Amino acid sequence: MRKILLVEDDTSLGETLTERLKKEYDVNWAKSLSEGWMTFNHSKDFDLVILDVGLPDGTGFELAAKIRQISNVLFLFLTAQADAESRLKGFELGAQEYIPKPFHLKELLIRVKHVLDAHAPAREVELETCTVNFTNMTVQKKSGQIEYPPVTDLKILQLLIEKAPRVLSRDEIMNEIWGVDKNPSHRTIDNIIVRLRQLLGDDGEKHIRSVRGVGYQWSVEENV
């Protein structure tokens, strides 16, 4: 599920947006610049940040600038400031959308969907030894042979690729794939990583890195 950070100090609007967005996304709601920064800095794995420009302890522009220093996450601004200068400032910070208040809820939901769809993760990854298709959950070797590994294995592979170059802990992987209510062991993750490396052959050894004491990472650089 795609993950959204909403930073909005208006309680009524924040509750409405959170309730509606949670029907399709994993949503965290913060009510100030400081809370938004703390929430983002704690996780860093959001797909989209929706920012109100006017916050009680600063501006959405300030928060966007701080976040941009550590992440390329997508931004969408909500604001009563619809002047050209404000819009330009938002776009200079990398905003995908700049939505003036008041707005129609359905319009916001459509724009959020368009932004996330336009930046959807790759459904197919072509490697040197094979092609991984995350739609059909198959791996096609260069010889033409098609393999059907366990779906969970490919979900973990897709997660590593989507979050690259971040290193993911075993706990993060478990929460993303199984959810907090399920509790597979760390050994389960390690065994799946072994299977993935075997499945991908040379590509597996090259790209799936073990980071001692932390977890696993999809690396686009060749191991030296």
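Helices (H or I, at least four residues) and strands (E, at least two) are DSSP runs, numbered from the N terminus. The model described here is predicted, so local features need pLDDT of at least 70, side-chain atom pairs count only at pLDDT 80 or more, and totals for chains, interfaces and linings use all residues. Residues are numbered from 1 along each chain as its sequence is written, and side-chain values use heavy atoms, with hydrogens and water left out.

Five strands form an open sheet in the order S2-S1-S3-S6-S7, with parallel pairing (two strands pair if DSSP finds at least two bridges between them). Strands S2 (26-30) and S7 (95-100) stand at the edges with a single partner strand each, so one side of each has no neighbour in the sheet. From one strand to the next, the twist averages 15 degrees (axes are lines fitted to C-alpha atoms, for helices over the stretch in contact, and angles between N-to-C directions run from 0 to 180 degrees). Strand S6 (residues 74-79) is joined to S7 by five bridges; Leu 78, for instance, has Ile 99 in S7 as its bridge partner.

Next come the helices. Helix H3 (residues 60-68) lies across S1, S3, S6 and S7, at about 175 degrees to S6. In helix H2 (residues 33-43), Leu 33, Gly 36, Thr 39, Phe 40 and Ser 43 are buried (under 20% relative accessible area, with exposed over 50% and partly exposed in between, for a 1.4 Å probe and protein chains only). Met 38 and His 42 are exposed, on the face of H2 turned away from its buried side. After H2 comes Lys 44, with a positive phi near 65 degrees.

Conventions
Contact = heavy atoms within 4.5 Å.
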